[in-house]
Amino acid sequence: MQQTAERPCPPSACDSSALLLGFVNTGPLGDDQDRLTGPEELSAWLAAGGRTGLDAVVTGADVAAARELRDAFTMIFRAHSGCEDGEAALPAAEDYLQRIAVRYPLTPRLTADGCHLVPAQDGVLGGFGALFAAAADLAARGAWGRLKMCKNPTCHTGFFDKTRNSSGLYCSTSCSSRAAARAYRSRAKST
């Protein structure tokens with residue numbers, strides 16, 4: 001196992017949330033297509049985040065693993081938003097993440113600035129490990145529950161809830177407005 005390159009300082013919560021949200025947002029959102037359909041797309045996503053070595057080979061099995069991992073994170077973020085399907089799928093998603101976490105070991109990096117976890121492997125496995133390291137970082141900061149999926153049924157984009165009381169349900173004001181207008185029209189029809 002090769003060690004990944006060390007980062008000079010611990011990642012910020014923004015780095016961790018951007019990594020996880022960038023990953024879940026590769027899924028089919030609203031009318032968009034799935035952006036992890038083959039090895040080329042997964043390789044591009046990993047390379048964009050600096051997550052693979054130059055010699056990393058991405059296979060179809062890696063793509064299938066990435067999609068399963070993405071689906072588990074998506075269901076957890078949907079549960080964070082209070083979506084019924086997320087809450088129903090939460091036990092299976094948590095179980096899946098518990099079972100596969102051992103495939104992507106993390107190593108603590110101690111510096112004068114503190115301690116943070118980094119993947120113990122490079123390549124595709126290190127890329128997936130970086131997602132677990134980001135989740136651990138956000139959980140340690142108390143921000144894990146702020147990663148959510150937009151409740152707008154035509155959107156479902158992952159977002160970081162920046163509200164004071166962590167009550168955000170929509171990724172943007174436009175999605176919130178559309179959902180409010182839809183609810184108003186629904187109430188007007190029933191009266």
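**Helices around a pocket**

Trainee: Which helices each supply at least two residues of the lining of the second largest pocket?

Mentor: This is a predicted model, in which local features need pLDDT of at least 70 and side-chain atom pairs pLDDT 80 or more, while totals for chains, interfaces and linings use all residues. A pocket is an open set of points on a 1 Å grid over the protein atoms alone where a 1.4 Å probe fits, with protein on both sides within 12 Å along at least five of seven lines; lining residues have an atom within 4 Å of a point. Helices are DSSP runs (H or I, at least four residues) numbered from the N terminus. Those that each give at least two lining residues are H3 (60–80), H4 (84–100) and H5.

Trainee: Which helix gives the largest share of that lining?

Mentor: By class, the lining of the second largest pocket has 11 nonpolar, two polar and one charged residues (Ala, Val, Leu, Ile, Met, Phe, Trp, Tyr, Cys and Pro are nonpolar, Asp, Glu, Lys and Arg charged, the others, Gly among them, polar). The largest share is four residues, supplied by H4.

Trainee: How do H3 and H5 lie to one another, roughly parallel or oblique?

Mentor: Residues are numbered from 1 along each chain as its sequence is written, and side-chain values use heavy atoms, without hydrogens and water. H3 and H5 have axes 11 Å apart, at an angle of about 10° (axes are fitted to C-alpha atoms over the stretch in contact, with angles from 0 to 180 degrees between N-to-C directions). Under 35 degrees counts as roughly parallel, over 145 as roughly antiparallel, 65 to 115 as roughly perpendicular and the rest as oblique, so H3 is to H5 roughly parallel.

Trainee: How many charged residues are in the contact of H3 with H5?

Mentor: In this contact (heavy atoms within 4.5 Å), Asp62, Ala65, Ala66, Leu69 and Phe73 of H3 meet Val124, Phe128, Leu131, Phe132 and Ala135 of H5. Nine of the residues are nonpolar and none is polar, and the number of charged ones is one.

Trainee: How does H3 lie to H4, oblique or roughly parallel?

Mentor: The axes of H3 and H4 are 8 Å apart and the angle is about 135°. The relation of H3 to H4 is therefore oblique.

Trainee: How many charged residues are in the contact of H3 with H4?

Mentor: H3 contributes residues including Glu68, Leu69, Phe73 and Arg78, and H4 residues including Asp85, Glu87, Leu90 and Leu97. By class, 13 are nonpolar and one is polar, and the count of charged residues is five.

Trainee: How does H1 lie to H5, oblique or roughly parallel?

Mentor: The axes of H1 (residues 13–24) and H5 (residues 123–141) come within 9 Å and cross at roughly 130°. That angle makes H1 to H5 oblique.
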